[in-house]
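Hi,

Here is the structure I said I'd pass on.

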Amino acid sequence: MKNKRTVLVTGGAGFIGANFIRLVHSTYKDWRIINLDKLTYAGNLNNLNGIITSDTYRFVKGDICDSTCVESLFAEEDIDTVVHFAAESHVDRSITGPADFIQTNIVGTFTLLEAAKKAWLGAKENVGNKCFLHVSTDEVYGSLGETGFFTEKTPFDPRSPYSASKASSDHLANAYFHTYGLPVKITNCSNNYGPYQFPEKLIPLIFNNALHEKSLPVYGDGLNVRDWLYVQDHCEAILAVIVGGKTGHCYNIGGNNEKQNLNVVEVVCDLLDKKVGPMSSGKPRKSLITFVEDRLGHDRRYAIDATKIGEHLNWQPKMTFEQGMEKTIDWYLANRAWIDNIVNGEYQNYYDTMYTRG
Ligand code: NAD
Ligand code: DAU
C-alpha cells in the first residue's frame, strides 16, 4: 500500500470533516486533501482557518449529488481515497424537512459511489490501494432498552428520516462492494462532541444558551442516553480504518461513555459556572434547565460495542469525558466569535425559533 495519498474529503467544512482535515494535515504532511463541500448552513470555511492556503489542500465548492462535478474531480485528481462525511446530519431537521436528507444522504452517496466505480473499476487498474470510506452513524441500529450494545452484526432498525437515509446509504455502499468489488469500508460512530460543532447540536447549543443565560431546552424527561466520543478520537479511528481496516468491513466506533442528556447539560452548566462565574442573578446555570416537548420518535438509548476496531486496529478513545468536556468548553470560550458569527448571522432566525423554546 502506498503511503502518500490523494484524499477526497466530502463535507470537510462541517464539524467532523474539518477536524479530520486538520488531523490529516498535521499527521500526514504529504497527503493531498481535496475538500468537496456544498457549504450548506452547516458548512463553514472558518473551520479550516490556517489550512486553506496550504499547498497540499484544495477546496471545491460543489454538491455531491452533481455527477458532473464529482466525476470531473476524479478526472482531474489522482484520487485513491474517499472519506465521505457530507450529509444532512441533524435529526430534528430531518423530522421537519426530510427531503434534503433523502437527496444528499442517499442520492449524494449513490453519485459518489458511481463516480468512484467509473474511475477506479472502469480503468481495470489495481484497486488494491484504493479506499472508499463511508462515514456513518450508530443511529442506523435503532434504539436500545436499558441493556445491550450495538455490534457490527446488529440488524438495522433506523427510526428517524435522518437515520433511515444514513442506513440507505450504508446499504448502497455495501452493495457496491459486494456487486462491483468497489473497495468500500464503513464506520458507524456514536455522538461526537468537540470544537467546531454546529450550535444546533446538544452540547454547543447548551453552551451558547447557558453562556447567555437563556433557557436550556431538554427534550422529554432528559433521560435519553447517548454514547459520547471526543471528535479527535473519532477522526483517529477513521484514519486507522483507512490505513489498516479491511475492505468490505464495517467498524463500530464509540466512546464507551454513556450519559443521560440531563447529565450532559449539567456538566456544561457546572463547567461554565466554574470558568466564568455564576449568572448575573447569582444562581447556578442549572436553574435554566427547561423540560420541553419531546423529539418525535426520540430514540431512547445508543451504546456502541467497539471491540472489533479495538482488537483489529488497536484503536481506543484517548480522551475521557471529563477531559474532553473541559477542552470543549475551553475551546468554545476561547472562540466565542466563531459561534457568534453563526448565531448572529444568517442562521439567527432559525436558531431563535428552534432553540430558545421552553
Ligand atoms: P455537519 O452537519 O457538521 O457537516 C456536514 C457537512 O456536509 C457541511 O460542511 C455541509 O456543507 C456538507 N454538505 C451537506 N450537504 C452536502 C452536499 N449535498 N454536497 C456537498 N457537501 C454537503 O455534520 P457532521 O456532524 O460533521 O457529520 C459528518 C458525517 O458524520 C455525517 O455523515 C454524519 O452522518 C456522520 N456522523 C456524525 C456524528 C456526529 O455526532 N456529529 C456521529 C456519527 C456519524
Ligand atoms: O449518534 C450519532 C448521531 O449523533 C449522529 O449521527 C448525528 O449526526 C448527530 O447529530 C447526533 O444525533 P443526536 O440526535 O443524538 O444529537 P443531538 O445533539 O441533536 O441530540 C443529542 C440528544 O440531546 C438527543 O437525545 C436529543 C437531545 N436534545 C438535543 C437538543 C438539540 C435535547 O434534549 N435538547 C436539545 O436542544
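Below is what turned up, starting with the core and moving on to the salt bridges. Keep in mind that this is a predicted model.

The largest nonpolar core has 98 residues, and the members touching the most others are Leu8, Phe20, Phe74, Phe132, Phe207 and Ile309. Beyond its neighbours within four places in sequence, Leu8 is in contact with residues including Ile34, Leu36, Phe74, Val82 and Leu112.

Now the charged side chains. The count of salt bridges comes to 18. In one of them, Glu77 pairs with Arg58, with the closest N and O atoms 2.7 Å apart. The two sit 19 residues apart: Arg58 is in strand S3, while Glu77 is in the loop between helix H2 and strand S4. Glu77 counts as buried because its relative accessibility, 12%, is under 20%, whereas Arg58 is partly exposed at 25%. Shared partners also join Arg32, Arg58, Glu76 and Glu77 into one salt-bridge network.

Further along, Glu326 is worth a click. Glu326 forms a salt bridge with Lys275, where the closest N and O atoms are 2.7 Å apart. Lys275 is in helix H8 and Glu326 in helix H10, so this pair ties together parts 51 residues apart in sequence. Glu326 also forms a salt bridge with Lys274, at 3.6 Å between the closest N and O atoms. Lys274 lies in helix H8 too, 52 residues from Glu326. As for accessibility, Lys274 is exposed at 57%, Lys275 is partly exposed at 28%, and Glu326 is partly exposed at 28%.

Cheers

Methods
Residues are numbered from 1 along each chain as its sequence is written. Chains are lettered from A and ligands numbered from 1 in the order in which they are written. This is a predicted model: local features need pLDDT of at least 70, side-chain atom pairs count only at pLDDT 80 or more; totals for chains, interfaces and linings use all residues. Side-chain values use heavy atoms; hydrogens and water are left out. A nonpolar core is a set of buried Ala, Val, Leu, Ile, Met, Phe, Trp, Tyr and Cys residues joined through side-chain atoms within 4.5 Å. Buried means under 20% relative accessible area, exposed over 50%, partly exposed in between (1.4 Å probe, protein chains only). Contact means heavy atoms within 4.5 Å. A salt bridge is a side-chain nitrogen of Lys or Arg within 4 Å of a carboxyl oxygen of Asp or Glu. Helices (H or I, at least four residues) and strands (E, at least two) are DSSP runs, numbered from the N terminus.
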